[in-house]
Amino acid sequence: MITCLKKFKYVSILSIITLVFNYNSLHAKEIVINNLRTEYLKNPIGIDVSQPRLSWQAENPGYNLKQVAYQILAANSLEYLTEEKNLMWNTGKVESEQSIHVKYKGKKLQPCQRVYWKVRIWDNEGNISNWSEPAFFETGLMNHKNWKAKWITHPYPEKVNDYNPCPYFRKKFRINKKIKSARLYISALGLYQAFINGQKVSDDLFAPGWTNYKKRVQYQTYDVTDLLKKGNNVIAVILGDGWYRGPITWQFIRNFYGKHLALISQLHIIYTDGTSDTIVSDKSWKTARGGIVRSEIYFGEIFDFNKEPKGWKYPEFNDRKWKNAKILKHPKDILIYTESPLPRVTKTLNPQKEWIGPNNEVIFDLGQNMTGWVEITIKGKKGKEIYLKHAEVLNKDSSLYVRNLRKAKQEDHYIFASNDTVTIKPHFTFHGFRYVAVHNCKPENIISIKGEVIHSDLEITGSFSCSDSLINRLQKNIVWSQRGNFLDVPTDCPQRDERLGWTGDAQVFCPTASFNMNTATFYSKWLKDFLCDQTPEGKVPWVIPNVIINGGGTGWSDGTASTGWSDAIVTIPYNIYLRYGDTTILKTMYDGMKKWCEYMISESKKNNYIYKTGFHFGDWLAFSEYYSYRYRAPDYGYAGAHTDKDLIATAYMYHSTNLLKKMAEVLNIKQDVIRYDTVTKKIKEAFIKEFITPTGRIVSNTQTAYSMALMFGLVPEKFIDTAAARLSADVKHFGHITTGFLGTPLIMHALTDYNYTSLAYMLLMNKRYPSWLYPVTMGATTIWERWDGIKPDGSYQTPGMNSFNHYAYGAIGDWLYSKVAGINPDISMPGYKKIIIYPHVNDTLKFVTAIYNSMYGKISSSWKFENDELNIEVDIPFNTVATIILPCNDPNSINIIPANIITKDKIIVKDNRIHINTGSGKYIFKIPKNMVIMN
Ligand code: BGC
């Protein structure tokens with residue numbers, strides 16, 4: 001305090017007092033409670049959770065502030081909540097720091113019930129906040145018995161092994177009273193788009209989402225109050241094949257989940273007089289086929305305006321000629337609520353360039369590789385067919401390069417019925433592309449064209465930027481590949497005949513993804529399909545939902561149990577717990593994780609805890625010296641996994657079992673903690689015996705092997721320095737990374753954790769193949785599947801596997817946030833209740849800024865070299881604690897602002913770094929440049 005006061009020579013005593021009090025008491029009135037969430041979402045409707053979890057944030061500029069108690073009130077109307085009467089729940093003052101995932105424990109929730117709630121808190125300085133603004137959640141049907149609607153399908157004959165037109169359904173009904181509210185509960189076997197009186201019921205796309213439809217089909221709840229009117233109304237629905245029965249995988253398997261598309265729809269209308277009506281799907285619904293002649297995910301769409309019944313989405317349409325729908329006997333207990341936001345159009349892109357291609361096609365460059373489709377406004381010509389092709393890159397002659405799509409087509413065809421100008425886009429397909437070519441159409445007839453970017457509409461939570469424009473572009477590319485591959489499930493790519501939920505890709509990218517966006521609901525939804533698709537022995541399929549039959553013709557295995565891929569069942573729930581403090585997902589997934597670990601353990605026991613049975617992808621697509629440019633081999637880099645697969649498999653088995661043990665601790669499953677403690681020790685022993693020589697050399701001698709052993713904790717204490725030194729020697733020897741899918745997320749962490757930060761920066765800044773910046777310098781706008789998707793001479797990697805939108809190597813994003821900027825969760829207090837800020841600075845960069853919006857609020861960490869000083873600025877949210885680790889070992893040389901908050905006793909020097917334990921607030925640390933540790 002004295003030092004602080006000295007700085008304010010000219011300020012009056014009164015303002016000093018005010019300043020001091022500002023920090024400590026006057027903030028009381030300013031505690032703002034906001035961001036109220038139920039099950040992670042803002043005012044969700046249609047949630048079938050009997051005890052939804054409530055979260056909130058508190059904001060106040062003060063220091064070291066925590067919640068010490070809260071009170072929640074809940075009521076079934078806004079009036080009751082405001083008047084605080086007839087409450088469903090009044091927690092009273094609960095002494096607790098918990099401000100995330102507080103389970104609703106009020107009156108039992110009824111189906112289709114809206115609950116309003118508000119919260120206030122007490123802080124550790126005796127202040128009480130105002131009540132928050134009210135938030136709400138609304139339950140869905142809660143129980144399949146509340147579905148009065150029937151599954152309906154159409155009676156038209158169909159080709160079983162080929163495409164069919166999309167069926168249309170409509171139901172006309174009258175409303176005679178004043179409407180108070182209306183909800184639509186709806187789902188499909190296939191994909192659907194629903195309209196009421198011609199208006200789309202929602203912006204959601206690809207509803208009902210992709211799950212293992214045999215066991216779970218999501219239904220959606222929409223508030224459609226404003227779409228209905230007194231008099232005649234109509235609900236109109238289109239169904240598409242989608243993942244349900246359209247061709248899937250490179251084997252083009254049709255009817256994977258079933259042969260018949262079907263719809264289930266239940267509309268609840270509540271009138272102002274208290275009465276209600278329910279309109280349900282049944283055989284009174286009318287059905288026909290329309291303009292969508294073909295619609296498939298890999299193919300694209302054919303829309304024939306000649307076949308489109310005019311005005312069929314409106315009540316006035318005469319549907320007498322339409323047939324009656326048919327009831328489809330299909331279970332309803334597979335219907336589940338939708339826990340995560342569905343895909344939506346989140347951005348639109350305008351063409352940056354336009355030219356005429358060699359086939360007279362009009363080509364547009366959207367300037368960005370993206371996933372979605374094109375909306376085009378075009379002057380039609382009766383009877384004429386135009387078509388759009390989509391591609392990620394170009395041929396030398398500036399036409400579209402489509403060979404890397406393999407059997408996928410990415411084409412949209414439109415057949416005109418008149419000379420009118422129409423605006424159109426597809427319904428149930430998506431494309432991965434930057435370039436679109438319009439064929440069979442004069443440029444002057446294209447009135448406008450734009451790309452609509454589609455992905456699961458998750459909340460953006462992170463940003464990273466720095467002084468280097470190429471790194472900034474890399475970060476953008478990572479986010480674009482996340483957008484491109486978060487289409488209801490985490491996919492490998494959005495363009496070729498795959499687009500599948502590849503588990504390995506997803507698990508290496510999960511930490512990065514979870515900085516950029518709030519991924520908790522997205523992964524939680526997807527993880528439940530692991531439980532559906534896991535084999536009875538515990539083997540986890542390569543892709544989830546699993547659509548690969550018997551290894552997909554590869555002959556490698558039955559399509560399950562590959563190390564680093566199947567481990568997604570363990571690593572992703574762990575990550576969700578670490579980053580969102582979510583124990584529910586641990587409970588849900590525990591048996592599945594345990595089954596996978598037990599499977600690996602039993603396999604490894606055949607070889608004394610070395611897991612070497614079965615097929616593994618290994619360090620997929622790693623740089624392979626033998627196939628490098630030096631040797632001019634035709635297919636360099638292809639599938640070159642030079643790190644022994646049994647080393648990787650044993651290391652991953654150890655890693656997963658170790659995480660399982662930690663999760664058993666969290667869930668207090670004592671016997672498992674003991675079991676996995678013993679087993680991990682045995683695996684480690686076996687690993688050391690088999691793969692580490694008595695002098696500390698690791699077999700295989702690769703960057704991936706060293707990084708994995710170090711990061712997973714498999715190197716005996718005495719060899720850690722040797723292992724880290726050997727890793728660094730290998731990096732220096734090559735001058736670049738040699739890692740594939742599994743080693744890439746680890747190497748940079750290994751280098752920074754073991755004091756080779758400068759070397760990590762060397763790899764980061766490397767612009768030559770293989771490196772993260774090589775694709776950036778080649779014009780990449782997304783992350784490539786291959787380090788050399790485009791070779792230095794401009795030619796392309798093998799078309800059999802060359803996606804330009806594959807996020808796996810984007811896993812470096814996690815390192816940018818957590819090591820370069822230094823924002824880290826701490827497993828001892830998950831969900832960022834405790835934050836570790838540990839920037840690894842290097843003057844290769846002049847400044848870095850990262851923001852992460854955690855469950856508790858905004859965390860930020862920025863640093864800047866300026867005037868021979870390093871300036872670090874940190875923001876720690878209310879109700880959290882932080883350990884800030886500074887790249888300096890001399891507390892006397894640093895200057896901390898404000899000076900009165902971090903007192904000397906909070907500063908310690910450990911492992912050659914300054915460690916400061918503190919709480920909420922904004923801090924600035926100034927370190928003379930010559931005192932900054934940069935290695
Ligand atoms: C996919 C991947 C996947 C891999 C398995 C590829 O075809 O695109 O990214 O992880 O197969 O190794």
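Analyst: Helices (H or I, at least four residues) and strands (E, at least two) are DSSP runs, numbered from the N terminus. In this structure, Pro545 has its place in the loop between helix H7 (520–533) and helix H8, and H8 itself covers residues 568–580. The model is predicted, so local features need pLDDT of at least 70 and side-chain atom pairs count only at pLDDT 80 or more, while totals for chains, interfaces and linings use all residues. Residues are numbered from 1 along each chain as its sequence is written, and side-chain values use heavy atoms, with hydrogens and water left out.

User: At what angle do H8 and helix H9 pack?

Analyst: Axes are lines fitted to C-alpha atoms, for helices over the stretch in contact, and angles run from 0 to 180 degrees between N-to-C directions. H8 and H9 (residues 584–605) pack at about 155°, with their axes 9 Å apart. Angles under 35 degrees count as roughly parallel, over 145 as roughly antiparallel, 65 to 115 as roughly perpendicular and the rest as oblique, and H8 and H9 are therefore roughly antiparallel to each other. Where contact means heavy atoms within 4.5 Å, the residues of H8 that meet H9 include Ile569, Pro573 and Ile576, and among their partners in H9 are Leu586, Met589 and Trp596.

User: How do H8 and helix H10 pack, and which residues in H8 meet H10?

Analyst: Between H8 and H10 (residues 645–666) the angle is about 40°, and the axes lie 10 Å apart; H8 and H10 are therefore oblique to each other. From H8, the residues Val570, Thr571, Tyr574 and Tyr577 take part, and they meet a set in H10 that includes His655, Leu659 and Met663.

User: How should I read the pair made by helix H14 and helix H15?

Analyst: The axes of H14 (residues 744–753) and H15 (residues 757–765) come within 7 Å and cross at roughly 150°. That makes H14 roughly antiparallel to H15. Ile747, Met748, Leu751 and Thr752 in H14 meet residues of H15, among them Leu759, Ala760 and Leu763.

User: How many residues of helix H17 are buried?

Analyst: Buried means under 20% relative accessible area, exposed over 50%, and partly exposed in between (1.4 Å probe, protein chains only). In H17 (residues 812–821), 10 of the 10 residues are buried, so this helix is largely enclosed by the rest of the structure. Trp815, Leu816 and Tyr817 are among these buried residues, as are Asp814 and Lys819. Just after H17, Gly822 takes a positive phi of about 90°.

User: Which residue other than glycine has a positive phi near 50°, and is it buried or partly exposed?

Analyst: Phe252 has that value of phi, and this residue is found in the loop between helix H4 (242–245) and strand S17 (262–271). At 28% relative accessibility, Phe252 counts as partly exposed. Tyr609, which is not a glycine either, has a positive phi of about 70°; its place is in the loop between H9 and H10, and Tyr609 is buried, with a relative accessible area of 14%.

User: Which side chain does a polar contact join to that of Thr423?

Analyst: A polar contact is a pair of N or O atoms within 3.5 Å; within protein, one must be able to donate a hydrogen and the other to accept it, and residues adjacent in sequence count only if both atoms are side-chain atoms. Such a contact, of 2.9 Å, joins the side chains of Thr423 and Thr377. Thr423 belongs to strand S32 (residues 421–424) and counts as partly exposed at 49% relative accessibility. Thr423 and Ile378 are 45 residues apart in sequence, yet their C-alpha atoms are 6.4 Å apart in space.

User: What does the side chain of Ser77 reach?

Analyst: Ser77, in the loop between strand S4 (67–75) and helix H3 (78–83), has a side chain that reaches the backbone nitrogen of Tyr80 at 3.0 Å. Ser77 is buried, with a relative accessible area of 14%.
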